Structure formats: structure tokens, C-alpha cells
Amino acid sequence: MSAEPNGGGGRDHGALLQTLTALEVDYWHEVDLHHGREGHGFYVPDGVFVIGETRMQGHEAVRGFYAWREARGARTARHVVTNFRIDHAREDEATLRCILLLYAADGEPVLPSLPAIMIADVTSICVRQDGRWLYRAHVLTPVFMGGVAPTIPPAAEP
């Protein structure tokens, strides 16, 4: 299967776009509602998760990040993803791009409503293994930031 930049159209493209959109939505649902406890399972064993300058590679690194994040205490977040597109696709590999808007603050709901603390471009290199799509690389590139700081892994703190 091949897809042209910005879609290329076709039934196969639409099905793949829907499948990879569901992967992205399900990942952020896991992070928002279950503190990312199973987030590592969305990656191949040596998959890479990048937030700005911070790089985590492998299941243990991703698992460790979300465990650290949860251990910090109550944090409410909603990762809203939109503007999905496939830039590249083959039978078992595809590049999905979207935009992420992060609303987050420490504490339990209901919290004051404020603007997104980060808007980022997301590039997801996805591969199909054993019939399931997983992240080989999941890269968040901040475009706008402000307000409450996003959580970052301890290794990246000054």
C-alpha cells in the first residue's frame, strides 16, 4: 500500500488514517485517564518517545517516565489531538502527523479553565507487528508553550 503526501485518497488510505488516529487517541486516553501506566505498551520494545529535547527509548524508559509523573501527585491533563494526516505509508509502516493541545495542571478536578499550556506538532512513526500498530517513534515538537509547565522526566530537569 502506498499513500501520497496529504492523503492521496482511496479506501485503504481512509481505513489506515482511521486506524492510526485511533492509536493516537487511545494512547492519550491511557495517559489522561490511567496516568500512562500502560503507555509503554503502545511502543515497540525499543520505541522512542521524544518531548522537545527529552528522549526516552524502550519500554522501561517510557514506563519509568509515567511512573515518575504519577508519583509527583495529583495531576489532571487532557491531551487533545486533531488535524490528522498520513505523510507516508507502506503495508506495515506509516507516518502519522497531528497537532496536540495540552491542558494540564497539578491537582484534582474541577480546576480553573485556562488556555492550553502546550501546542505541539506530533510525528508518529508507526509499524504493524503481529497485526497491531505500534509506535517506533512518537515525537512531540512544542510550537507554543505557556502557563503551567508540562511534566518532563527527571533526567531532563536542570
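Good morning. Strands E3 and E4, the latter covering residues 93-106, run antiparallel and are joined by 13 bridges. Within E4, Thr-95 is the bridge partner of His-88. Strands here are DSSP runs of E with at least two residues, helices are runs of H or I with at least four, and both are numbered from the N terminus. Two strands count as paired if DSSP finds at least two bridges between them.

This is a predicted model, in which local features need pLDDT of at least 70 and side-chain atom pairs count only at pLDDT 80 or more, while totals for chains, interfaces and linings use all residues. Residues are numbered from 1 along each chain as its sequence is written, and side-chain values use heavy atoms, with hydrogens and water left out.

Let us turn to the whole sheet. It is open, has six strands in the order E2-E1-E6-E5-E4-E3, and shows mixed pairing. Strands E2 (54-57) and E3 (75-90) stand at the edges with a single partner strand each, so one side of each is left without a neighbour in the sheet. Helix H2, residues 59-71, packs on the sheet and touches E1 (43-51), E2 and E3; contact means heavy atoms within 4.5 Å.

Finally, the cysteines. The structure holds zero disulfides, a disulfide being a pair of cysteine sulfur atoms within 2.5 Å. For Cys-98, the nearest cysteine sulfur is that of Cys-126, 9.5 Å away. Are these residues buried or exposed? Cys-98 is buried, at 5% relative accessible area, and Cys-126 is buried too, at 0%; buried means under 20%, exposed over 50%, and partly exposed in between, using a 1.4 Å probe and protein chains only. Thank you.

Notes:
Axes are lines fitted to C-alpha atoms, for helices over the stretch in contact, and angles run from 0 to 180 degrees between N-to-C directions.
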